Amino acid sequence: MAAHRKPRQRSLGGQTARTAFTLALAGAATATAFDGTGQAEPQLTTAQVEVKVDRLYQEAETATEQYNGAQEKATAAEQRLRTLRDEAARKEEKLNAAREALGTMAAAQYRSGGLDPAVQLALSDDPDQYLDGAAFAERAGDRQSAAVTRVRRQLREIEQLRGAARLELSSLKARKAELKEHKRTVTDKLAAARGLLSRLTAAERARVAADMGGGTATADRASRASTGARAPLEAPGTATAAAPDSRAAAAVSFAYSKLGSPYVWGATGPNAFDCSGLVLAAYRSAGVSLPRTTYAQIGIGRRVSRSELRPGDLVFFYSGITHVGLYIGNGRMIHAPNPSAPVRIAPIDEMPFAGATRVV
């Protein structure tokens, strides 16, 4: 029973109080260390770094494709805006000519006895007043009435064009904000990956790079590629011969010529590429226009199964369709893997296969 008795309270003072305060601080520091806020981050193994870096690269690639899509939309919006403004300018030139003609009529009429109300309306600086005053035009002569009708129509068309231009400008601003956000995501993910890789030795980094994008490439090839060697590491050989047509063969030949080129997110060549940028550039060299993003690229051409694959087909990976390569036969592709690995040959089995298309 004595063990359960509450001990008698004693006041603390002097040295005893100082000692208790010191112990309390020490206890708080110990607790902080145990709850993790004061601990240094544990040292990761090479395998753990590889897993984390691989995940960061996948997330960065997803954001890259979103960036590419937003960039494509922004470019299209800019083109539409230029077209609308050019058309509005042309119509304004016609409008000015029509109003000048009405002005000539008005001057002649004024000299002969006063300005017709319909002409006054046509020359008004207020389009709303002009459009609302159609009744005046009915009292004008046939020639003047036709001229006023033309000016009214031209004003209405110009206002419609200006309204459409305002919408396009708003869309463009939204696309640019989206670009900024996706760019921030990509750069943050890649910076985090670089930070993790910087903890490894040079040999460990080379091993991780080979594991993450190596495929069938040897360590020697990876080393040559990383030093900037741009000569083809393999000849196209039978890959171009087995392509469905000359355009697919030309795309395959282009991809071979780019082996060893660096991965740069958002790039479409001529000396650096991301994954969708590589296949876009390959087919562009063959005179075939492809969409910019993996999401759009999988929707063109004809879908083919793995058993039907032929050189030149586009092969896609991951459930989100965030990676693409160019098939070259024998279960292999040429692709731009990630920032730690240049354009290279790899087996299509190294990533989760999501589908394939034949674009020619």
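Apart from neighbours within four places in sequence, Thr294 has contacts with Glu65, Cys275, Ser276, Phe316, Ile321, Thr322, His323 and Val324. The model is a predicted one. Thr294 belongs to helix H12, which covers residues 294–297. Is Thr294 buried or exposed? Its relative accessibility is 0%, and buried means under 20%, so Thr294 counts as buried.

**The sheet**

One of the contacts of Thr294 is Phe316, and strand E2 takes in residues 314–317. Strand E2 runs antiparallel to strand E6 (residues 353–358), and four bridges join the two. Within this pairing, Phe317 has Phe353 of E6 as its bridge partner.

E2 and E6 are part of an open sheet of six strands, ordered E1-E6-E2-E3-E4-E5, with antiparallel pairing. Which strands stand at the edges? They are E1 (302–303) and E5 (344–347); each has a single partner strand, so one side of each has no neighbour in the sheet. In general, strands of a sheet pair through backbone hydrogen bonds, in either a parallel or an antiparallel way.

**The chain as a whole**

The protein chain holds 12 helices and six strands. It has 360 residues, and 39% of them count as buried. The chain exposes about 19,600 Å², of which carbon and sulfur atoms supply 53%. Where contacts link residues at least 6 apart in sequence, 66% of them join residues at least 24 apart.

**The second largest pocket**

Which element gives the most to the lining? That is H2, with five residues.

| Class of lining residue | Count |
|---|---|
| Nonpolar | five residues |
| Polar | four residues |

Note on methods
Residues are numbered from 1 along each chain as its sequence is written. This is a predicted model: local features need pLDDT of at least 70, side-chain atom pairs count only at pLDDT 80 or more; totals for chains, interfaces and linings use all residues. Side-chain values use heavy atoms; hydrogens and water are left out. Ala, Val, Leu, Ile, Met, Phe, Trp, Tyr, Cys and Pro count as nonpolar, Asp, Glu, Lys and Arg as charged, and the others, Gly among them, as polar. Buried means under 20% relative accessible area, exposed over 50%, partly exposed in between (1.4 Å probe, protein chains only). Contact means heavy atoms within 4.5 Å. Accessible areas come from the Shrake-Rupley method with a 1.4 Å probe; for residues, only the protein chains shown count as cover. Two strands pair if DSSP finds at least two bridges between them.
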